[in-house]
Amino acid sequence: MGFSATLGQTLYRFDDLGSLLARASPARSGDRLAGVAAGSDAERVAARLALADLPLRTFLTTDLVPYEADEVTRLIMDSHDGAAFAPVAHMTVGQFRDWLLSDAADGPALAALAPGLTPEMVAATSKLMRNQDLIAVARKCRVVTRFRTSIGLPGRLSVRLQPNHPTDDPAAIAASILDGLMYGCGDAVIGINPATDSVGRTTELLSMIDDLRRRWDVPLQSCVLAHVTTLIQVMERGGPADLVFQSIAGSEAANRSFGVNLAILKEAHEAALALKRGTIGDNVMYFETGQGSALSAEAHHGLDQQTMEVRAYAVARAFRPLLVNTVVGFIGPEYLYDGKQIIRAGLEDHCTAKLLGLPMGVDVCYTNHAEADQDDMDNLLTLLGVAGCSFVMGVPGADDIMLSYQSTSFHDALYVRSTLGLKPAPEFEAWLATMGVMDSRGRMRPALEGTGAGRLLASSTPKTGEAA
Amino acid sequence: MSNGTFDSAFDPWANLRRFTPARIALGRTGDGLPTDRLLEFQAAHALARDAVHQAFDAEGLAEQLDSLAHVIVRSQARDRATYLQRPDLGRKLDEADKQALTAMNCPSKGSHDGYDAVIVLADGLSARALHDHGAALLRVMMERLAGWNLAPVVIARQARVALGDDVAAALNARMVLMLIGERPGLTAADSIGAYLTFQPKPGVTRDAERNCVSNIRPDGLPLPVAADTIGFLMSEARRLKLTGIGLKEDRPPELAHD
C-alpha cells in the first residue's frame, strides 16, 4: 500500500504506512540513525499532507509490526474497543486532530474515547500537532489513579522523590528522602533506582521506607525500581512492596531485551494486587518508557521512535498503572540531540499517553553529551506544568549521583508548583500541613519548632548517624 | 535582604549532608536556588560539557608515549556533532586507516599466530580523560604485560568502543584493550573506561562479550589498581580464550594474595 502527496512541483511517494509515519515525524536524531527520517523539510510536510487524509480506521486493518510475530500488536488489536471508537470512526487523521482541539472533545468525551484509540492512531495524529496542540489537548485529559495518594487530580502536580545513591547506602538514601520531604516532594512515590538488583537489598530499602511511612503516618507509596522478577521474589518472601516497577517498550522483541513479556507483567500485577496494600485505590504498577529504546534494542521493526514509544503505552494500560513516565532525555543525543528535540518528545509522550488514558509523568532530563542544559529543562518543566502533567521527578540538586544524569530537583518542583498554582496530591498536602512543612499559605516553608517536621528531623538524624 | 540573610537560604538539616554526596540541604531563596548553589551546579556542568567537546590532541598524546611504536587513526565520524549522533560511524575505522593498519599486521606463521593483543587509546566522550591519564595508564599497563607480543599502540579519534574490533581485525590481534574516555558526569569528567574483547568480530561482537573496568582516574579507581585488574583479566582471557560474562573479575584467593 503506497501513499503520495505533491508539494510545489514535486510528487513525494511513501512505500508503506510505516515509512509515511516516519517521514511525517518532527526531525530527531534517532530517526536519522535508523534511516527512516524525511530527507528534507518538504518531504516531511508532504508526508503530513498524505497522513492528514488517511482514514483513522486504516490503523485497525494494518499491522505495522506483524500480528503473528508480536504480542504487543496482538494486545493492541485484540483489546480494541469498537464501541468507544465509534464517535470518531469516520474521521481522517487530520479531522481527528481538529476534533481533539474542538470544544466537543472535553474531559469526559476524551476519557470515554481512550479505549477506542490505538497507539498508532494517536502517534499519527500527534505528528500533525504543534507543541501548543500537544499541551492544549493533554490539559483536557483527566486520568486519576490511586494507591495511598491520588495522582492526576485537576490543579495538582505530584513528584517522585528519587533519592538514589551509587552503593545503595541506606543512611545516604534516608538523608535524601528527608530533604525531599522537607521540600514537599514524594507524593507520587519514593522511588529508588538500585545500584545492584538483588532481593535482599530491595527488601531492606523497602522496609526502611515502610518504617518511616508507618511511624510518621505519611500517605505515600514506595518502590525500588529493580527488575520485575526481583520484585516477584520480594513479594513471595513477604517484603513490603507497594508498587511493582518495570521498563517497557513497544515491541515483543524490545521487551525481551528488558527481560520481560506480558505474562511476567501479569504475574507481577496479580501478586501486587493480592497484597492489598493500597488504602484508597488498587493501582499497583509503575512503568518507565522512552523514545529510542526499541531502536537501541534493534527491535523497532523499521518504525520511527515515537510510534514505537506510543506502542509501549498499550502495554502499560493493560495493567492499570498508578504511574507511568517517559525518561525523555536520558537515552542520549543519538536519539534526541538537543533541547528542542527533548522538549518536543516530552510533550508528545505526555499528550499521547494521556489520550490513551495513562497517568503520565515525565522525567525532564538530559545527559552531559546532549546539547541541553537547565534552561531547556526549565522550559519543558513549565510547559508540562501547563499541560497538566501527572508528576515529575525530584532529585537532590537535579544531580542523580547514581545514574549520572541531570533531572529536575526539589527546588524545580517548588518553582513549577508555585508559579502555576499547582498543589501536591490532597492526602499528602494534608500531611505536609499537619507536620508543619507547608505554611498556611500553601508554601513549603518548614517550621521546625514544636512541629512534626522538627520531630521527624530530630529523630532521624541520630538514627542515620548510627547507621553511618 | 536588609540584614544580608534570608530566612530560608540555609536548611537547618544541613548536618545530613555528611551522609551523602547528593546535593541535599542546598537552602533556598523563596522557592529558588541560592546564587552560590546555582553557580556551583553550572560550574560542574560546564566542566563536563567542555570535556565532551574538547578537541582530542592525538599528536600530543603520542609524544607522551616516549619511544613506543604507535599509529594514529580515526573513525568514519568526521566531527563531534556527527560522532554524537551517529554511533554507528564511530564504530567503524576510516577506510584508508584500515588499509594502513592492515599493512602493519602481524602475519600468521606457524605457531606464531598474529599479535597477542592491541591497546587502543581512544577519545570516546572525554578527550580530557586521555590527555590527563592516557599515557600514565598505558605505562603501568605495559609493566604488567611483559612477554606479550603487542601490536603498535593505536590512538583513535572520534571512537566508540567497537572501533577496537576493526583495529584488532586489521592488525591481526587476538585481543583488543580499548582505553576510552567515559561520558563525563557532574562529579568527574576525566574517567577512562577499559573494555577488553577476545577475538573481536567487527559488526558481530556484542557488549555481553566484553569485560569492562570503569571509573579509572586518580580520584576514582587508581591507575595501578586498574592496571592490576586489567592485567589479570587479559591473562585469564588468553587462558580461557574468551571475554564477557564467562570471565569474572573475582580473582581466586591464591592470586589475590600475590
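Leaving aside neighbours within four places in sequence, which residues is A:H165 in contact with? In this predicted model, the list comprises A:A172, A:I173, A:A195, A:I401 and A:M402 from chain A, together with B:T20 and B:P21 from chain B. A:H165 sits in the loop that runs between β5 (158–161) and α11 (170–182) of chain A. With a relative accessibility of 10%, A:H165 counts as buried. The side chain of A:H165 also has a polar atom 3.3 Å from the backbone nitrogen of A:D169.

Interface size is often expressed as the accessible area that is lost when the parts come together. For chain B and chain A, the buried area is about 3,500 Å², and carbon and sulfur atoms give 58% of it. Three residues, B:W13, B:F19 and B:D31, supply 20% of the area that chain B buries against chain A, more than any other three residues.

Polar pairing is also found across this interface. Between chain B and chain A, 16 residue pairs are in polar contact. The interface of chain B and chain A holds three salt bridges. B:R49 and A:E371 form a salt bridge, with their closest N and O atoms 3.2 Å apart.

Over all chains, the search of the whole structure finds 40 salt bridges. A local example joins the side chains of A:D41 and A:R44, at 3.2 Å from N to O. Both A:D41 and A:R44 belong to helix α3 (residues 41–52) of chain A, and they are three residues apart, about one turn of the helix.

The side chains of A:D304 and A:K127 meet in a salt bridge of 2.8 Å, N to O. A:D304 lies in the loop between α16 (293–296) and α17 (305–317) of chain A, and A:K127 in the loop between α9 (119–126) and α10 (131–140) of chain A, so this pair ties together parts that are 177 residues apart in sequence. Both ends are shielded: A:D304 is buried, with a relative accessible area of 0%, and A:K127 counts as buried at 1% relative accessibility.A:R156 likewise forms a salt bridge with A:E429, in which the closest N and O atoms are 2.7 Å apart. A:R156 is in the loop between β4 (150–151) and β5 of chain A, while A:E429 is in helix α21 (residues 426–435) of chain A, so the pair ties together parts that are 273 residues apart in sequence. A:E429 is buried, with a relative accessible area of 16%. Salt bridges also link A:R148, A:D210, A:D211, A:R213, A:R214, A:D242 and A:R277 in a network.

A:C389 is in no disulfide either, since its nearest cysteine sulfur, that of A:C351, is 12 Å away. A:C351 counts as buried at 1% relative accessibility, and A:C389 is buried at 2%.

Two backbone angles complete the description. A:R320, a residue other than glycine, has a positive phi, near 45 degrees. A:R320 is found in the loop between α17 and β10 (323–326) of chain A and counts as partly exposed, at 38% relative accessibility. In chain B, B:Q199 has a positive phi of about 40 degrees although it is not a glycine. B:Q199 lies in the loop between β7 (192–198) and β8 (210–216) of chain B, and at 43% relative accessibility B:Q199 counts as partly exposed.

Terms used: Residues numbered from 1 in each chain as written. Chains lettered and ligands numbered in written order. Predicted model: local features only at pLDDT ≥ 70, side-chain atom pairs only at ≥ 80, totals over all residues. Heavy atoms only, no water. Buried < 20%, exposed > 50% of the residue type's maximum accessible area, 1.4 Å probe, protein only. Disulfide = S-S within 2.5 Å. Buried area = accessible area lost by both parts, 1.4 Å probe. Salt bridge = Lys/Arg side-chain N within 4 Å of Asp/Glu carboxyl O. Polar contact = N/O pair within 3.5 Å; in protein donor to acceptor, adjacent residues only side chain to side chain. Helix = DSSP H or I, 4+ residues; strand = E, 2+ residues; numbered from the N terminus. Contact = heavy atoms within 4.5 Å.
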